[in-house]
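Here is a walk through one protein structure. Look at the sequence and the model, then follow the spaces and the packing inside.

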Amino acid sequence: MEHKEYLPRIIDSTVRLYLSTFGAVCIEGPKWCGKTWTSIHHSRSRVFLSDPVGNFQNRRLAEISPDLILEGDKPRLIDEWQEFPPLWDAVRHAVDQSPEKGQFILTGSSTPPHKGILHSGAGRIAKLRMRPMSLFESGDSSGRVSLQDLCQGHITPCFTGDVDLRHLAELILRGGWPEILGLPLEKAVQYTLNCLDAIIDDDAFRLDGIKRNTAKMRLLLRSLARNESTAVSNRALKNDIRDADAEDIDVETIAGYLDIFERVFVTDNQLPFSEGPLSSVRRKKAVKRHLADPSFACALLQITTSKALIDDLDTFAFLFEALCERDLKIYAESFGGRLYHYQDYKNRQIDAVIALPGGQWCAFEIALGASEIDAAACKLLKLQKSLQQDEKGKPMSVMCVICGMASAAYQRPDGVFVVPVTALKN
């Protein structure tokens with residue numbers, strides 16, 4: 001790939017930082033999210049272990065003589081290193097032999113079992129999680145509002161333009177896959193379906209050589225799609241499969257399949273917020289379920305047109321929330337923030353919490369329609385008041401409603417910010 005064809009990614013600055021700090025960088029994430037393109041952009045030589053040329057000669061060479069795979073101008077890209085896991089230790093050993101930084105870039109679309117890997121690589125090989133494109137990266141957000149500035153309480157009020165509901169639906173259906181930017185929607189949807197089939201039918205087996213029941217894996221993925229953006233338990237997933245598909249999967253099998261999905265980066269769950277600011281409140285520990293991209297959920301639920309999504313506004317709202325939280329996670333991690341969700345035993349919830357390195361935390365509610373902004377803002381203000389007066393907790397430093405159908409970014413008189421997701425960047 002020529003560098004002139006490369007679409008810049010938000011993770012680029014972190015890759016450069018890590019290459020100047022560590023001996024090697026491992027970029028992980030779902031297939032087709034752009035790991036290879038980004039790594040090529042930052043490398044000076046490369047080898048592709050999944051290349052079928054010569055009956056997979058690169059993989060065979062790695063098995064015979066790993067040192068030859070490491071030879072080349074630095075940074076040296078080793079794409080899909082998990083095809084031969086002992087390469088991890090070979091890279092770690094090579095890094096140990098030289099103080100030079102940025103020697104290798106590894107990419108991986110799955111996490112192999114620890115068998116065959118002798119050392120974690122801590123301090124030598126830094127890991128980075130890459131995700132599908134955010135709206136700003138794909139050119140579907142104007143970037144008029146910086147999340148980093150917003151988390152410091154700064155915003156320049158501006159009109160951001162009208163948003164069409166059909167267009168929002170199409171952004172969810174298409175997803176953030178670089179390969180399909182500019183394709184007609186029907187082709188983009190077919191691409192996502194094929195991606196899921198490849199993961200289920202091939203990647204899950206290649207992960208550890210264990211043959212699994214792919215029909216049950218699909219049932220579980222469909223249940224995750226039905227429960228996108230919720231904190232559903234494993235047992236609730238079991239009951240959902242029984243009720244929706246008249247099939248039964250035991251909880252242990254569900255737990256095993258969820259681990260597989262995490263290792264092939266099909267899921268990207270949102271952890272619960274449990275930091276000091278709310279230490280006096282009993283909080284729930286459940287993760288918020290997310291597939292790696294909301295387009296996966298559409299494909300699994302056989303939603304293939306914007307009209308089908310608009311006709312089911314409840315599902316639309318959950319998938320819009322997933323879209324926003326995908327982007328919030330990408331943007332926040334670029335400046336050291338971490339994305340969580342909040343839920344306590346008083347039935348109070350916050351859609352998204354960004355924890356900042358200095359201990360501050362920012363709360364975000366997500367609203368598809370402009371008519372929902374007032375209720376979302378009131379919800380944030382009510383929790384803020386409770387934390388300050390009743391529970392003596394550390395208050396939110398910023399409260400914000402991320403919305404779909406809004407035409408301006410501004411701060412309300414009550415202090416709550418309102419920002420359309422199509423105007424947001426890191």
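A cavity is a set of grid points where a 1.4 Å probe fits but cannot get out, and its lining residues have an atom within 4 Å of a point. Keep that in mind as you look at this model, which is predicted.

The structure holds one cavity of 30 Å³ or more. About 100 Å³ of space lies in the largest cavity. Its lining is made of 14 residues. Nearest the centre of the cavity lie Asp268, His290, Leu291, Ala322 and Arg326. Which helix gives the most to this lining? The answer is H14, with four residues. Sorted by class, the cavity lining has seven charged, five nonpolar and two polar residues.

Now turn to the open space. The largest pocket has a volume of about 910 Å³. A total of 35 residues line this pocket. Arg129, Arg131, Asp268, Lys329 and Glu333 are the ones nearest its centre. Several elements give two or more residues to the pocket lining: helix H1 (12-19), strand S5 (125-129), helix H11 (251-263), helix H14 (313-333) and strand S9 (338-343). The largest share, four residues, comes from H11. By class, 14 lining residues of the pocket are nonpolar, 14 are charged and seven are polar.

Next comes the packing. The largest nonpolar core has 87 residues. Those with the most contacts inside this core are Leu147, Phe261, Leu291, Phe320, Ile354, Phe364 and Ile402. Helix H14 gives the most to the core, with nine residues. There is also a second, separate core of 22 residues. Tyr340, Ile373, Met396 and Cys403 are among its members.

Take Phe320 as a close-up. Leaving aside neighbours within four places in sequence, Phe320 is in contact with residues including Leu168, Ile172, Leu368, Ile402 and Val421.

Leu368 sits in the loop between strand S11 (361-367) and helix H15 (373-389). Is Leu368 buried or exposed? Leu368 counts as buried because its relative accessible area is 9%, and buried means under 20%. Beyond its neighbours within four places in sequence, Leu368 is in contact with Leu165, Leu168, Phe316, Ala317, Phe320, Gly404 and Met405. Look at Leu168 in that list. Leu168 and Leu368 are 200 residues apart along the chain, yet their C-alpha atoms are separated by 9.4 Å.

Definitions and conventions: Residues are numbered from 1 along each chain as its sequence is written. This is a predicted model: local features need pLDDT of at least 70, side-chain atom pairs count only at pLDDT 80 or more; totals for chains, interfaces and linings use all residues. Side-chain values use heavy atoms; hydrogens and water are left out. On a 1 Å grid over the protein atoms alone, a cavity is a set of points where a 1.4 Å probe fits but cannot get out, and a pocket is an open set with protein on both sides within 12 Å along at least five of seven lines; lining residues have an atom within 4 Å of a point. Grid points are joined across faces, edges and corners, and a volume is the space filled by probe spheres set on the points. Ala, Val, Leu, Ile, Met, Phe, Trp, Tyr, Cys and Pro count as nonpolar, Asp, Glu, Lys and Arg as charged, and the others, Gly among them, as polar. A nonpolar core is a set of buried Ala, Val, Leu, Ile, Met, Phe, Trp, Tyr and Cys residues joined through side-chain atoms within 4.5 Å. Buried means under 20% relative accessible area, exposed over 50%, partly exposed in between (1.4 Å probe, protein chains only). Contact means heavy atoms within 4.5 Å.
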